[in-house]
Amino acid sequence: MRMKAHTLLINDMRQISKDPMLMASLLGPLALIVCARFILPLLSEWIAKAYGFRLTDYNDFIATFLLLIVPLLPGTMAGLLILDERDENIISYYAITPLTREGYFRYRLMLPSLLAVLLTTLFLLFSGITNMQMENPFTLILLALEAPCIAMFLAAFADNKVEGLALSKVTGLLFVGPIIVSFVPEPWQYVGVIVPTFWPAKCYMTGISNEPFMAIGAFVIGLIYHILLLKIMVRSFTKGID
């Protein structure tokens, strides 16, 4: 299975290198880090001089918002790869190999998760608008689960890659999560609990606000919610290819 996963990874790298959309999904988080580190301070300074509004006063919201883009991109990439392989009937081939279909799904779910962890950690370390704190490992886990959830959402509800690209635009609605957490007062903000991104945003914001118990509570609920969502979407996808 290890060798098969290695082969899958090599094939993925070849496919990504040939597809500008997939390449953008992989490199996009690195561009976010550069923008947050170098462009955001200059933009904030210009807005402050021109309009008397300090963008850096909202760094916590901006950091949360950008953090949620990071898993979205590798998740979209993985979802489009799954759709490609389903259209070419490659998944059925893997089902009869030593890798098995279960091994294929483990690989397909782990890859975007690992990329999300790596890229999110890089953002936390080098973006310059946030710091590694005790609550971030919890947020990191929830963000790592966002990526496979997005991948399986595209795979489960899109009939082909073109529909997958269109459906990926709908995932932009997920950014309502950090907006609700940052600007809607309690208890009204809890109307957003159904939005998956509400939970990593809540975990992060309560953590940096020195509310560790709230951060841990948001992590536990968010973890359960993401696992349930992932199971439902995997089941929906596998029913569609059986």
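**Close-up views of a predicted helical model**

View 1. Helix 9, spanning residues 198-208, is mostly covered, since 10 of its 11 residues are buried. This view, like those that follow, is drawn from a predicted model. The buried residues of helix 9 are Phe 198, Trp 199, Pro 200, Ala 201, Lys 202, Cys 203, Tyr 204, Met 205, Thr 206 and Gly 207. What covers them includes helix 3, helix 6 (136-157), helix 8 (176-183) and helix 10 (212-241).

View 2. Asn 210 is placed in the loop between helix 9 and helix 10. Its phi is positive, about 60 degrees, although Asn 210 is not a glycine. Most residues other than glycine have a negative phi, and most peptide bonds are trans. Asn 210 counts as exposed because its relative accessibility is 68%.

View 3. Asn 89 is found in the loop between helix 3 and helix 4 (90-95). Asn 89, which is not a glycine, has a positive phi of about 60 degrees. With a relative accessibility of 49%, Asn 89 counts as partly exposed.

View 4. Glu 186 and Pro 187 are joined by a cis peptide bond, with omega about 0 degrees. Pro 187 has its place in the loop between helix 8 and helix 9.

**View 5. The buried side of helix 8.** Gly 177, Pro 178, Ile 180 and Val 181 are buried in helix 8. These residues lie on the same side of helix 8, because they cover an arc of only 160 degrees around the axis. An α-helix has 3.6 residues a turn, so residues three or four places apart point the same way. Helix 3 and helix 9 are the elements against which the buried residues of helix 8 pack.

**View 6. Asn 59 in helix 3.** Asn 59 belongs to helix 3, which covers residues 59-87. This asparagine is buried, as its relative accessible area is 17%. Leaving aside residues up to four places away in sequence, Asn 59 touches Leu 40 and Ile 129.

**View 7. The largest nonpolar core.** The largest nonpolar core has 37 residues, and those with the most contacts inside it are Ile 62, Leu 66, Phe 123 and Ile 129. At least two residues of this core are supplied by each of helix 2 (20-51), helix 3, helix 5 (100-126), helix 6, helix 8, helix 9 and helix 10. Helix 3 gives the largest share of the core, 10 residues. Not counting residues up to four places away in sequence, Phe 123 touches Leu 32, Ile 33, Ala 36, Ala 63, Leu 66, Leu 67, Ile 129 and Thr 130. In soluble globular proteins, nonpolar side chains tend to be buried together.

**View 8. Aromatic pairs.** The structure holds 12 aromatic pairs. One of them is formed by Trp 46 and Tyr 51, whose ring centres are 5.9 Å apart and whose planes stand at 80 degrees, so the pair is edge-to-face. Trp 46 counts as exposed, with a relative accessibility of 51%, and Tyr 51 is exposed too, with a relative accessible area of 61%. Phe 138 and Phe 219 form a tilted pair, 4.8 Å centre to centre with 40 degrees between the planes. Because Phe 138 lies in helix 6 and Phe 219 in helix 10, this pair ties together parts that are 81 residues apart in sequence. Phe 138 is partly exposed, with a relative accessible area of 23%, whereas Phe 219 counts as buried at 12% relative accessibility. Elsewhere, ring pairs link Phe 53, Tyr 58, Phe 61, Phe 65, Phe 175 and Phe 183 into a cluster.

View 9. A disulfide is a covalent bond between the sulfur atoms of two cysteines. The structure holds 0 disulfides. For Cys 149, the closest cysteine sulfur is that of Cys 203, and the 16 Å between the two sulfurs is too far for a bond. Cys 149 is buried, with a relative accessible area of 8%, whereas Cys 35 counts as partly exposed at 36% relative accessibility.

Notes:
Residues are numbered from 1 along each chain as its sequence is written. This is a predicted model: local features need pLDDT of at least 70, side-chain atom pairs count only at pLDDT 80 or more; totals for chains, interfaces and linings use all residues. Side-chain values use heavy atoms; hydrogens and water are left out. A disulfide is a pair of cysteine sulfur atoms within 2.5 Å. Buried means under 20% relative accessible area, exposed over 50%, partly exposed in between (1.4 Å probe, protein chains only). Helices (H or I, at least four residues) and strands (E, at least two) are DSSP runs, numbered from the N terminus. Contact means heavy atoms within 4.5 Å. Rings of Phe, Tyr and Trp (its six-membered ring) pair if their centres lie within 6.5 Å; planes under 30 degrees apart count as stacked, over 60 as edge-to-face and the rest as tilted. The arc is that of the directions from the helix axis to the C-beta atoms. A nonpolar core is a set of buried Ala, Val, Leu, Ile, Met, Phe, Trp, Tyr and Cys residues joined through side-chain atoms within 4.5 Å.
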